[in-house]
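My notes follow in the order I took them.

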Amino acid sequence: MLYLIGNWKMAPEKGTQAADLVKKTNDMAKLYKKNITTIICPPSIFLASVVKTAKAPLLVGAQGVAGSVEVAQTGKISAGMLKDSGAQYVIVGHSEMRARGDSNTDVQEQITRLFEKKLIPIVCVGEKAHDAQGWYLSEVKEQLETAFGNLTPLQAKKMLIAYEPVWAIGAKAQRAATPLECREMTIFICKFLTDKYGEKVAKAIPVLYGGSADEFNAKSFVTEGGAQGFLVGRVSLDAKRFNSLAKSISA
Ligand code: PEP
């Protein structure tokens, strides 16, 4: 089973557009449900209405959570609120959140809050720059070590990991990673998980790719890159292209 997660980021602007996008993504999720689990992560203001419009097998997640339960945090959203809205998954450690100040320790705290409310973390890891000597591996290792720091094997098994090289994400991306670069990192992540939890637990944790993935390059990330699915930004906001991406990996 592959995972296809749509990170809508800060879009669309209107609730009616969000509703239209969910309806189209409903159809897509149904069409490819044999091979693909589809999850959409809208902005939090649309969560409750998207949950209402989403139909099985389409699942809904959120884009972030507060790391502490302190009420005096203007603008933040707690794990309890996300749970109450009907979200099941939550993205943590996204590079756009890390760029605005989330540290590895913050990500760890957010994961703790999610498990307290039985929400499933989608944890993003990825290096800022890709140097020829491979120093970027230690950056990703540190992210993994803190994210999984306190987690029991039972908790770890519920997580999803998205390898998202920062230089490959969003409209300002240099380029997408190559399938070979993705392969190197999926192996690196699997080795980290196997060393920490053993092979059985490691095999239960899907490692996805994210960063300028589209309908043209997605298949090669699966066949050559070892990706078990995708965290997709821009393309998930275009129902036709998101559908084409799903089609390209479903066969
Ligand atoms: C993302 O936001 O996680 C992402 C991968 O964005 P994009 O697909 O637009 O590069």
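I started at Phe230. Leaving out residues up to four places away in sequence, Phe230 touches Tyr3, Leu4, Ile5, Leu208, Tyr209, Ala213, Ala218, Phe221, Val222, Leu245 and Ile249. Contact here means heavy atoms within 4.5 Å.

A note on the source: this is a predicted model, where local features need pLDDT of at least 70, side-chain atom pairs count only at pLDDT 80 or more, and totals for chains, interfaces and linings use all residues. Residues are numbered from 1 along each chain as its sequence is written, and side-chain values use heavy atoms, with hydrogens and water left out.

I placed Phe230 in strand β8 (residues 229-232). Strands are DSSP runs of E, at least two residues, and helices are runs of H or I, at least four, numbered from the N terminus. Phe230 is buried, at a relative accessible area of 0%. Buried means under 20%, exposed over 50%, and partly exposed in between, with a 1.4 Å probe and protein chains only.

Which residues have the most contacts inside the largest nonpolar core? They are Phe148, Tyr209 and Phe230, in a core of 68 residues. Helix α8 (residues 179-197) gives this core its largest share, 6 residues. A second, separate core has 13 residues, among them Tyr3, Leu59, Tyr89 and Ile91. A nonpolar core is a set of buried Ala, Val, Leu, Ile, Met, Phe, Trp, Tyr and Cys residues joined through side-chain atoms within 4.5 Å.

**Glu215**

I found Glu215 in the loop between β7 (207-209) and α10 (218-223). Is Glu215 buried or exposed? Glu215 is buried, with a relative accessible area of 16%. Its side chain makes a polar contact of 2.9 Å with that of Arg241. Such a contact is a pair of N or O atoms within 3.5 Å; within protein, one must be able to donate a hydrogen and the other to accept it, and sequence-adjacent residues count only if both atoms are side-chain atoms.

**The ligand**

I counted 14 residues around the ligand, the closest being Lys9, His94, Gly170, Gly233 and Arg234. Each has a heavy atom within 4 Å of it. A polar side-chain atom of Arg234 is 2.6 Å from a ligand oxygen. For His94, the side-chain N or O to ligand oxygen distance is 2.8 Å.
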